[in-house]
Amino acid sequence: MDSVRRVGRQVIALALTATALRTEAGAQRLASGAPSAAPGVTYGAAQRVAQGSAPRAARLAHGNTQTARADAYRAPAWLTGATCYEVFVRSFQDSDGDGVGDLRGLTARLDYLNDGKGARGASLGVRCLWIMPIMDAPSYHGYDVRDYDHVNRAYGTDDDFRTLVREAHKRGIRVVVDMVINHASSEWPPFQAALRDTASPYRSWFRFQPTKGPDNRWGNNNWHHSPVRDEWYYGFFWKGMPDLDYTRPGALREMERVATRWLRDFGVDGLRMDAVRYLVEDGAQVDDVPATHDVLRSYAAHARRVKPGAYTVGEVYGENAVLLPYYPGQLDAYFAFESADSLIAAARRGTAGGVLAPMLELQRAVPWPRLAPFLRNHDQPRTMTELGGDAGKARVAATLLLTMPGMPYLYYGEELGMQGPKPDEKIRTPFAWTRTGPHAGFTTGTPWEPMNADSLEANVEAQRADAGSLLALHRTLIHARTTNAALATGTLVPLEASDPAVVAYARVAAGRTVLVVVNLGNRPRSGVTVRGAARIAAPGRYAPRDLLHGARVEALTLDARGTLADGYVPAPMLAAHGALVLDLVPTRR
């Protein structure tokens, strides 16, 4: 298996190298000698190659391009200014001492996420909670569902989950649950029935055939021999995860029934859809098949019928060219993988060239509520690990993320600078609450996975009272997004900075503008001038207010066109890895 995974990583490296060369950010990364595949490659992608597949570098389908204005999408109101927090229940808080995080533990810690007091309180201020799989499953991660109707007993009961949803709603937190519909566990009763009885009504939910199917485009095979008779079944990831067959109606009807249960019976507000590129296959083509879009349209429409305003977000691993054909009229949003890699790469190398290009491309095609920026997730080495443990670079990356358009997603522990390399278990280790034991406040028992070595520093207690901590930075920017219209909904407008280590841009909404200036470099920069030919606000004089530190900055004058064409020096010196997030406040004449 290790040799197969190495081959998989080599294939991904070649694919991402080709992708990187097509973007300014990627070209600069390659020119600098930084690795193009690791650490930016997700293990999930390499694993998919090892198990018989990999994301492909695709062109936009002819006729599928669009403009943001042409997308008549109506966003749920709660998206405005919201930040979403991804949590692995197993690793967040254990309430009963068995070493496994659970729903009661998560409920007890909701005030950390949002105490309902706004900026006056002490919470992060997130208004959305993405909960990784909590349905019954044989694996620790839960992406192989055995029972779609009930909560995994290791995490609690169905009523525990309903309590969590009620308590989250009291605090203004919307709840999004992971929904795995591409495949199920081989232990799922319908698959077991289909496997053992060729006359089973569940047989049509899966793909069975008497001979082994064709290899996919990369020369690997996703067909698995039945343990019961001489036949084969299809499973994209591995034999323990048989795919559902969406070319027939039964599987889709069942997954729509499951969506109804979670949206209506459990009261969740949205669904995060796993691995949606692989829902339908056509011979050797196992990803991005046109019929996949039909399935997503039907599924999302069903969710909205069941619960008007239900939010759906999908995982489409790949560059923007792969992502954009999944808009419009399908799921609400998709994670911006290419933008995530660009933000991480800029923070790592310390130069600004091309850092905004992927997000600007998405913004031209998609309205802001349909954007889902992030840095890293449960399949990828953590941000602090990607950045070599450099806290300054982590601050830069967080500032960039939390000033992007859309609803940003934050993986649990990133706000503390938790580290985590591969394998996956090390990316999903228990959250640290306190400086001292037992086990940094996560459990009174033995944790399911050992605490990180950095838990003495990367914990809530150590950072909560420190105004200069990474936690404080996240809290400040997350709350700012909830109250500042420009950060919540504004258009991203790129500006020019006189120093290549500095990135400058504006977020512009009706009547509100925020100017962002970030020094990506590891040394101070003096006299940096910001310019731009695009209108960012009404002409006139402004007294910028620094939303991060309250730092004193220079007054600003916009010319008759409302631009910075004449240049602006916001401060004599920008600190190493320092940032200014400036709310432009008009001055009275």
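Figure 1. F335 is buried, with a relative accessible area of 4%; buried here means under 20% relative accessible area, exposed means over 50%, and partly exposed lies in between, using a 1.4 Å probe and protein chains only. F374 is buried too, at a relative accessible area of 3%. This is a predicted model, in which local features need pLDDT of at least 70 and side-chain atom pairs count only at pLDDT 80 or more, while totals for chains, interfaces and linings use all residues. Residues are numbered from 1 along each chain as its sequence is written, and side-chain values use heavy atoms, with hydrogens and water left out.

A search of the whole structure finds 35 aromatic pairs. Rings of Phe, Tyr and Trp (its six-membered ring) pair if their centres lie within 6.5 Å; planes under 30 degrees apart count as stacked, over 60 as edge-to-face and the rest as tilted. The ring centres of F335 and F374 are 5.9 Å apart and their planes meet at 80°, so this pair is edge-to-face.

**Figure 2. W433 has a ring partner in F431 and a charged one in R109.** F431 and W433 form a tilted pair, 4.5 Å centre to centre with 55° between the planes. Both of these residues are buried. The charged end of R109 sits over the ring of W433, 3.9 Å from its centre. For such a charge, NZ of Lys or CZ of Arg must be within 6 Å of the ring centre and within 35 degrees of the ring normal. Elsewhere, R90 lies over the face of W448, at 5.6 Å from the ring centre.

**Figure 3. Ring pairs join several aromatic residues into a cluster.** Look for Y148, W188, F191, Y202, W205, F206, F208 and Y233, which are linked by ring pairs.

**Figure 4. Eight strands line up in an open, parallel sheet.** Follow the order β12-β11-β10-β9-β5-β2-β1-β13. Helices (H or I, at least four residues) and strands (E, at least two) are DSSP runs, numbered from the N terminus, and two strands pair if DSSP finds at least two bridges between them. At the edges stand β12 and β13 (409–411), each with a single partner strand, so one side of each has no neighbour in the sheet.

**Figure 5. Strand β2 pairs with β1 and with β5.** Strand β1 (residues 84–87) and β2 are parallel over four bridges, and C84 stands opposite C128 in β2. The pairing of β2 with β5 (residues 174–179) is also parallel, over four bridges. Here C128 stands opposite R174, and W130 has V176 as its bridge partner. From β2 (residues 128–131), C128 and W130 point one way and L129 and I131 the other, and all are buried.

**Figure 6. Helix α17 is mostly covered.** This helix (residues 470–483) has 14 residues and reaches 21 Å from its first C-alpha to its last, close to the expected 20 Å; the expected span is 1.5 Å times one less than the number of residues. Ten of the 14 residues are buried, including L470, L473, L477 and R481. Across the protein, buried residues make up 62% of the 589 residues.
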